[in-house]
Amino acid sequence: MNILITGSSSGIGQTIARRAVAAGHRVVLMARRASLLQALAEELNRPLPGQAVVVPGDVGSSADCEQAVKTGLEAFGDLDALVNTAGTWVDLPFAEVSYEEIERFVHTDVTGALQISRALLPHLRARGGGRLLHLNGLQGLLRQRPPVLYAAVESAVRGLCESLRWEVAGQGVHVGLITLGAVANTEPDDPAPDVLQHQGQRQRLSRGEVAEAALFMLSRPPGVNVDELVLTPLGQQL
Ligand SMILES: NC(=O)c1ccc[n+]([C@@H]2O[C@H](COP(=O)([O-])OP(=O)(O)OC[C@H]3O[C@@H](n4cnc5c(N)ncnc54)[C@H](OP(=O)(O)O)[C@@H]3O)[C@@H](O)[C@H]2O)c1
């Protein structure tokens, strides 16, 4: 598969890109920090050139999303799937969130999810199918708790996936959502299990575990949609 991965300059997106290339797929790397994307592309292309291309850009910009799709098509001739991991985080009480933080959060997580899906969809429809996969947080599923802003934006992403799935099913486009509990951000992709535990209980997922889940969803046979996969560490208090 040729997969467009947003948010691949760091964190979960970067790990998914590594796992995807290791599994034989090619990737288009999109995020704002071009130098981090370049470094990752060099790593991924070292064993076998041509596996990764870089498109620096902002998912909240329709022009940048269009450019990411165009670059991917020029490089690989086709795009099969999107994995949208671009996201940000604000966990202040809602009355203390600045107006700028609201704009930034909605811009990345909501406008970004909409714009990047909109940019790739015409190509997927024209080729007769493909997959759109979005990453979400538990607050989009369990909304009766803070942070309020996170619950609001993640609920919007859930709405996008749940509604779009029905609209594009007839064109062979599969839409999936991965809802995540806590994920280890600063450790290696696959740290030792005890690093992810607290008082003998699993409190965080590894990024490698999330990447395996994403590749599982992307590799289902055509016609099989994993609507949603909820992945949580067993000891996380919900
Ligand atoms: N980590 C967790 O515990 C956790 C739990 C539940 C859900 N999630 C979700 O998983 C996703 C990834 O999280 P993460 O932990 O990997 O976060 P992360 O390490 O902070 O990575 C976020 C990525 O998004 C990119 N990004 C941010 N704003 C962007 C924009 N406007 N345009 C393009 N790219 C943008 C960042 O790159 P640039 O700064 O270079 O643009 C970065 O590559 C998020 O949607 C998050 O909500 C994470």
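A polar contact here is a pair of N or O atoms within 3.5 Å; within protein, one atom must be able to donate a hydrogen and the other to accept it, and residues adjacent in sequence count only if both atoms are side-chain atoms. The model is a predicted one, so to speak of local features takes pLDDT of at least 70 and of side-chain atom pairs pLDDT 80 or more, while totals for chains, interfaces and linings use all residues. Residues are numbered from 1 along each chain as its sequence is written, and side-chain values use heavy atoms, with hydrogens and water left out.

R33 puts a polar side-chain atom 2.7 Å from a ligand oxygen, and an N or O atom in the side chain of N185 is 2.9 Å from a ligand nitrogen. On its own the ligand exposes 890 Å², and the protein buries 86% of that (accessible areas by the Shrake-Rupley method with a 1.4 Å probe). The surrounding shell counts 24 residues, with S9, I12, R32, R33 and V183 the closest (a heavy atom within 4 Å of the ligand). Both α1 (11-22) and β5 (130-137) supply at least two residues of that shell; helices (H or I, at least four residues) and strands (E, at least two) are DSSP runs, numbered from the N terminus.

Elsewhere, β2 (residues 26-31) runs parallel to β3 (residues 52-56), paired over five bridges, where pairing takes at least two DSSP bridges.

Most residues other than glycine have a negative phi, and most peptide bonds are trans. The P146 to P147 bond, however, is cis, with omega near 0°, and P147 belongs to the loop between β5 and α5 (148-168). Q199, in the loop between β7 (197-198) and β8 (201-202), has a positive phi near 50°.
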